[in-house]
Every structure is written in C-alpha cells, then in structure tokens.
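Have the sequence and the 3D view at hand as you read.

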Amino acid sequence: MRRLSRRRFLVASAALGAVSFAPPARAASHGATTKITIGTRTIEVKKKAAKVFGLMQPDGTHGLIMNAGERFRVRLKNDAGEAALIHWHGLTPPNDQDGVSGVTQPALEPGQSYEYDFTVALPGTNWMHSHHVLQEQSLMAAPLIVRDPKDAARDEQEVVILLHDFTFEMPDRILSALSKGMSHDHGAMAPAAQDPHAGHDMSNMDMSGMDMPHDMSQMNMAGMDLNDVSYDAFLANDRTLDDPEVVRVDKGQRVRLRVINAASATNFMIDLGPLSGSLTDVDGRPIVPVMGNRFPLAIAQRADVRFTLPVEEGAWPVLFQREGDTALTGVVLATKSGTIAKIADQAHQAIGAIDRAASMLYEAAEPLPERRTDRELKIDLTGSMMTYRWGIAEKAAIAHHAHLMVQEGERVEMMLTNRTEMSHPMHLHGHHFQVVAVNGSRVKGAVRDTELVPIGGSVTLAFDAFNPGKWMFHCHNLYHMLSGMMTQVRYL
Ligand SMILES: [Cu+2]
C-alpha cells in the first residue's frame with residue numbers, strides 16, 4: 001500500500017474510525033447475516049501514517065465472533081477499491097465458499113458482494129484473510145473466533161491478539177526484489193547499484209544502512225535462513241510496543257489468550273514473561289495441555305493460552321519475539337491501578353529457529369479415529385533462496401506441479417520432506433489434519449490446519465477426505481506461496 005502523507009492521513013482519519021479488537025459482549029445473534037466490508041483504514045506505525053486494509057463490521061468490529069453450531073452467514077462487500085477475496089482460515093466450508101480467488105471463486109470486483117452461508121460445527125480460534133495477490137501483507141486479515149457455547153460458563157476473560165509483520169514498502173516490490181535479487185547463482189550475484197531493492201551480493205555481508213528486502217542480518221552462517229524480508233515493525237492488534245494495547249484485567253482474573261499469527265512471513269515465539277500458562281488449543285483444536293511460558297507460533301497458526309493472574313495489582317506484558325531476531329511486539333494486561341512500565345521493542349538476545357521447539361510433539365486431545373490409511377502421498381518441499389523459486393513435488397507425480405489427487409472417503413497421509421534451507425508453514429484448506437509422524441517416528445500429534453515443516457525434517461499429516469473439491473495446499477509464507485510453493489488437493 002502507498003505511504004500516506006501526514007495531510008492525507010488527517011483527511012482519511014476523519015472518515016475512518018479505528019477498528020475495535022475488543023470482543024463484543026455477546027456473539028452475533030443466531031441466524032442473522034453479518035455484514036463484513038473489505039475496506040481501507042489508516043493506522044499509525046512508529047509515528048507515521050499507514051494506509052492498510054481492514055475487514056470491518058458496520059459497528060467497527062474487526063472480523064467476526066460467533067458460536068459453534070451456528071451458521072456462518074456473512075455478506076462480504078468489497079470497498080477496498082481493488083479486486084479482493086477473503087478465505088476463512090480454519091473453517092471447513094463447502095469448497096465453493098472457501099474464498100480463494102481463481103480457484104473457488106472469482107475475486108470480488110470493487111463494489112461487489114458475495115453471500116456465504118454454511119454451518120460451523122467446531123469451535124476454534126480462526127481468522128480471515130485475503131487469498132488474492134499480496135493483500136495479506138497490507139493487513140487484509142482479521143480474527144474469526146468461533147466460541148464453544150460451553151465456555152460461556154467459565155469465568156474467563158478472552159483476549160484476542162492478531163499479529164502482523166508490517167512494512168512501508170510496497171509488497172509487490174518486495175516480491176519482485178526477492179525473485180530478481182535471487183535469480184542468479186550464489187557466486188554470480190552482483191549488487192545492483194541503481195536500485196538497492198533489485199539485488200544484493202551474498203559475499204558482502206555488510207548491509208548496514210541499506211534497506212534490503214531480503215534481510216541479510218537474519219542469515220545464519222550454517223545455511224539456515226530464518227527471515228526473507230526486512231520489516232519496519234511488528235504489530236499486535238495494529239500497535240507496536242511504543243504504544244501497545246492495554247487490556248484491562250482484574251486481580252486474580254482467569255485469562256484466555258487467543259493468539260493469531262496473521263503475519264505474512266514471520267514466525268514468533270509467544271513469551272509470557274513471569275507468568276506461566278497452559279497451551280490448550282492449536283489452530284483452534286484442543287491438545288493435551290502443555291504448561292510453559294514460551295510457545296512457538298508459526299505463520300498462520302493460532303494458539304490458545306490460559307492462565308490465572310496473580311491476586312495483586314499489576315501489569316503483565318504478553319510479548320511476541322520474531323524468530324531469528326530480537327524484535328518484539330505485544331500487548332499489556334493491566335489491572336485498574338497497575339503501573340505500566342515502558343517496554344523495549346527489542347529483546348536482549350535474539351532467538352533461534354522456532355522449528356526446534358517441541359510444537360511437533362503436541363498430542364491431540366481429540367485425535368482422528370483410528371483406521372487404515374488408503375493413500376500415501378510422498379511430497380518434497382523444494383526450492384532455495386538463491387533462485388527464489390519454491391515448489392511442492394509429489395514423487396509419483398507425472399508432471400511437475402501436478403495436483404495431489406485423493407478420493408472421497410479415504411484416509412490420506414501426506415509425508416512432507418523439507419529439501420530446503422527454510423522451514424515452511426504448510427496449510428491445507430477445507431480439512432483439519434493430524435500430525436502422525438515426525439522424521440519417520442509415529443506420534444499422536446496435534447490436529448490442526450497449519451504445520452511448520454522444519455529445515456531438514458519430515459512431517460506426516462493425516463486427514464480424512466470428507467469435503468470434496470479443489471483445496472489449496474500451500475506454504476503460508478506469502479512470498480514462498482506466490483513463488484511456487486502451492487498446489488491443490490483435488491478429489492478424483
Ligand atoms: Cu515456505
């Protein structure tokens with residue numbers, strides 16, 4: 001999106017209200033149609049105005065909160081001023097309501113609307129986001145919370161946190177720089193003197209002062225690449241730690257965090273600081289709870305973390321640290337007279353790869369039923385930073401980029417082997433899968449919809465083919481996806 005001048009910001013602000021991340025007191029009433037408008041809005045990032053997208057209800061609610069068992073009745077209107085389409089990440093709708101432009105529906109042209117109507121059986125912390133060009137990078141994403149009606153009886157304060165990586169750069173320039181700059185062999189690359197975004201020389205590691213889309217500071221010398229893109233800020237509910245959201249809580253309050261990693265290309269580590277909590281759900285599905293104060297959260301994944309606050313006045317930051325970096329974002333939970341200290345937006349120490357954390361060994365609380373596997377797909381994740389061409393290759397496939405074929409009613413297992421030097425958060429639309437093997441060892445892993453396949457590792461995902469259609473299966477790093485790491489699971 002374009003950078004706005006201060007003057008334009010003031011004009012735009014007059015017309016646009018701030019969105020609200022606070023959950024409404026009650027979920028949308030059963031059966032009513034909810035209007036969601038794809039629009040633009042202006043936020044302030046590090047004291048500069050930024051025009052970004054939003055997914056707003058008429059009352060300013062960002063995204064949607066509903067109850068499991070209700071129908072998802074939404075009228076989606078496009079007022080973004082450009083073609084757009086929204087995917088309901090974590091829901092399992094009929095294929096033609098999945099919101100993937102060019103695959104399940106044409107993108108909405110400006111001024112057009114679509115109606116969606118299907119039953120949502122399962123509760124979960126989900127989200128909605130553009131599945132059209134690079135709009136997700138410009139914050140076309142919002143929470144989609146499906147509450148379990150049984151949880152209404154819990155005395156628990158819900159705190160929804162949507163994370164983003166933010167850049168003032170145009171996303172299409174980032175993508176073109178990544179593909180252009182990396183389109184040479186390692187040794188043959190020369191820095192493009194005229195355009196700092198056009199390319200860079202891997203042999204010259206001193207990038208200080210240059211605004212590089214490919215963040216060389218994140219390169220690990222061991223050949224492991226944790227971050228591709230330089231960002232200007234990391235946002236929690238649209239704000240940085242210079243001016244974080246302060247969530248008012250009571251002493252001794254029970255809290256449920258619903259954390260959504262809506263970043264385009266950034267994995268985070270959740271850091272509860274002195275608090276410790278119980279991770280109860282990943283991608284909206286329950287696991288055998290894991291206690292801790294640091295939990296990894298890959299791109300597009302969600303985490304529900306529950307804890308009880310101390311019985312005293314105070315303020316507790318909930319922080320998110322960028323993988324391979326010191327950068328932090330977060331919100332502050334504070335009692336009425338809790339003193340809120342200034343929080344630095346950089347940690348003392350960088351963290352390493354989050355794919356080395358134990359997330360692959362979570363255990364499903366509601367596993368898939370036991371049954372024999374009908375179809376095994378052996379799939380390589382391919383590509384490199386050098387060429388910036390990424391791919392998904394099934395070993396048995398005749399043609400490169402062939403779709404993955406399944407038959408309705410089958411239990412399918414996809415064994416993903418990562419042949420690249422980056423981890424990849426792989427997302428299957430329309431289904432939940434279970435992690436059933438890690439590096440060849442069988443596990444009773446989490447049921448979820450996005451799994452981080454580690455560098456040099458393999459992960460096997462099982463799912464039941466109950467939902468016919470053409471379903472996207474892709475890396476949720478936006479730049480990897482648009483550089484080839486996407487295919488479809490198609491029903492024969
Ligand atoms: Cu990827």
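## A loop residue and its surroundings

Ser101 sits in the loop that runs between β5 (86-89) and β6 (113-119); strands here are DSSP E runs of at least two residues, and helices are H or I runs of at least four, numbered from the N terminus. This is a predicted model, in which local features need pLDDT of at least 70 and side-chain atom pairs count only at pLDDT 80 or more, while totals for chains, interfaces and linings use all residues. Residues are numbered from 1 along each chain as its sequence is written.

Is Ser101 buried or partly exposed? Ser101 has 19 C-beta neighbours inside 10 Å, so it counts as partly exposed (buried means 20 or more other C-beta atoms within 10 Å, exposed 12 or fewer, partly exposed in between, with C-beta atoms placed from the backbone). Setting aside residues up to four places away in sequence, Ser101 touches Leu85, Pro106, Ala107, His131 and His132; contact means C-beta atoms, placed from the backbone, within 7 Å. His132 is 31 residues from Ser101 in sequence, yet their C-alpha atoms are 5.7 Å apart.

## The open sheet

Six strands make up an open sheet with mixed pairing, in the order β12-β9-β14-β19-β16-β17; two strands pair if DSSP finds at least two bridges between them. The edges are β12 (233-236) and β17 (285-292), each with a single partner strand, so one side of each has no neighbour in the sheet. From one strand to the next, the twist averages 25° (axes are lines fitted to C-alpha atoms, and angles run from 0 to 180 degrees between N-to-C directions).

Within the sheet, β14 (residues 254-261) and β19 (residues 302-308) pair in the antiparallel sense over seven bridges. Leu257 has Val305 in β19 as its bridge partner.

## The nonpolar core

Which residues touch the most other members of the largest nonpolar core? Among its 120 residues, they are Ile161, Leu163 and Val259; such a core is a set of buried Ala, Val, Leu, Ile, Met, Phe, Trp, Tyr and Cys residues joined through C-beta atoms within 7 Å. Strand β9 (residues 157-166) gives the most to this core, with six residues.

Beyond four places in sequence, the contacts of Leu163 include Leu235, Val259, Phe268 and Phe320.

## Confidence

The protein chain averages a pLDDT of 87, and 83% of the residues score at least 70; pLDDT is the predictor's confidence in each residue, from 0 to 100. Over residues 183-222 pLDDT stays under 50, as it does over residues 25-29.

Note on methods. Two residues are in contact if their C-beta atoms, placed from the backbone, lie within 7 Å.
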